[in-house]
Amino acid sequence: MFWLNRKRSGSMKVTMSGLIVMTLILSACGNNNAESSSNAGTAPTAESTEAPAAPKTLTDAMGHKVTIPANPQRVLGSYLEDSLVTLGVTPVAQWSVTNGVQDYLATELKDVPTISYDLPLEAVTSFAPDLIIIPSESSVQNGIYDQLNKIAPTYVIGDELNQDWRKSLLKMGEILNKTPEAEKAIKDYDVKAAAAKEQLAGAIGQESAAILWLVQKNFYIVDETRSSGAVLYTDLGVTLPNLVTEIPVGTRATWNPISLEKLSELTADHIFLVNSDKTEGSEILDSAIWKGIPAVKAGNVHEMSSTSSWLYSGANAGSKIIDDVLKSLVK
């Protein structure tokens with residue numbers, strides 16, 4: 001949930017493919033040696049010339065030169081689980097907060113234990129990772145990086161890349177020797193988004209939609225930069241609502257606090273309501289101001305669970321958001 005980069009701080013076991021490839025290479029090399037006399041004039045095959053995976057050194061967002069294991073088996077990438085799952089990697093532990101985990105990945109991470117979002121060192125050590133990947137520089141300040149790096153090689157993706165899930169996924173692919181998988185996932189997502197955009201254009205034309213998050217009796221409205229906002233407005237081309245366009249671009253947050261009174265000025269044709277406040281917030285949704293909003297009066301409120309992917313970023317999250325949008329708006 002951009003771990004509260006939404007101005008409240010805004011996105012995996014390695015498959016055996018590497019080992020299989022290495023086995024095939026060694027097997028091919030053995031066969032070539034045994035048959036060298038009869039095949040001396042034969043050109044070498046791709047399998048016989050391809051070098052096995054080896055450790056590599058990459059420079060992370062903080063300037064650390066990090067030696068990445070050839071085939072990391074116990075990856076800890078807290079809050080990078082969407083990318084890890086997309087690449088076919090199951091982490092040794094999954095990100096969590098007091099209120100839960102990233103429920104939209106529940107199937108893929110069903111048997112993965114949790115670790116607190118702030119990565120307590122004792123807990124990290126207990127999972128014995130052989131590679132740690134960190135989303136943001138701010139997560140490893142005040143000596144925390146050095147402490148983590150003593151446990152396992154630690155690579156920081158950095159905010160510049162992490163704010164764009166495609167760039168972050170490509171970097172993860174580079175780190176984990178899965179660049180083709182990352183490129184394919186992005187291509188597949190973009191094809192799906194383009195098809196959905198065409199459907200939406202035919203279904204709602206230039207109608208606008210607002211994304212609201214109700215939590216602890218407070219409303220927040222999303223902009224177009226990240227999470228469900230990036231999917232709805234950038235990938236799918238849905239028109240931004242007036243209350244977002246009225247906020248100066250330089251002062252917008254990923255999630256912008258907005259009063260109930262200000263919401264009365266909302267002219268959006270549709271509202272996607274991410275309702276995290278089923279009990280305390282219910283009285284707000286019964287208020288005259290809420291019921292007077294045009295989209296509410298028209299019955300165009302599409303409610304999404306707080307456990308849905310609407311607060312997250314990534315190929316998996318975005319794909320699920322696209323499904324929700326089409327189900328809500330294309331009749």
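Me: How many aromatic pairs does the structure hold?

Reply: Rings of Phe, Tyr and Trp (its six-membered ring) pair if their centres lie within 6.5 Å. The structure holds eight aromatic pairs. This is a predicted model: local features need pLDDT of at least 70, side-chain atom pairs count only at pLDDT 80 or more, and totals for chains, interfaces and linings use all residues. Residues are numbered from 1 along each chain as its sequence is written, and side-chain values use heavy atoms, without hydrogens and water.

Me: Are the rings of F219 and W290 stacked or tilted?

Reply: Planes under 30 degrees apart count as stacked, over 60 as edge-to-face and the rest as tilted. The F219 and W290 planes are at 10°, with centres 5.4 Å apart, so the pair is stacked. F219 lies in strand 9 and W290 in helix 13, 71 residues apart. Helices (H or I, at least four residues) and strands (E, at least two) are DSSP runs, numbered from the N terminus.

Me: Is F219 buried or exposed?

Reply: Buried means under 20% relative accessible area, exposed over 50%, partly exposed in between (1.4 Å probe, protein chains only). F219 is buried, and W290 is too.

Me: Which residues do ring pairs link into a cluster?

Reply: Y79, W95, Y104 and Y312.

Me: At what angle do the axes of helix 7 and helix 8 cross?

Reply: Axes are lines fitted to C-alpha atoms, for helices over the stretch in contact; angles run from 0 to 180 degrees between N-to-C directions. Helix 7 (residues 165-175) and helix 8 (residues 179-204) cross at roughly 155°, their axes coming within 7 Å. That makes helix 7 roughly antiparallel to helix 8. Under 35 degrees counts as roughly parallel, over 145 as roughly antiparallel, 65 to 115 as roughly perpendicular and the rest as oblique.
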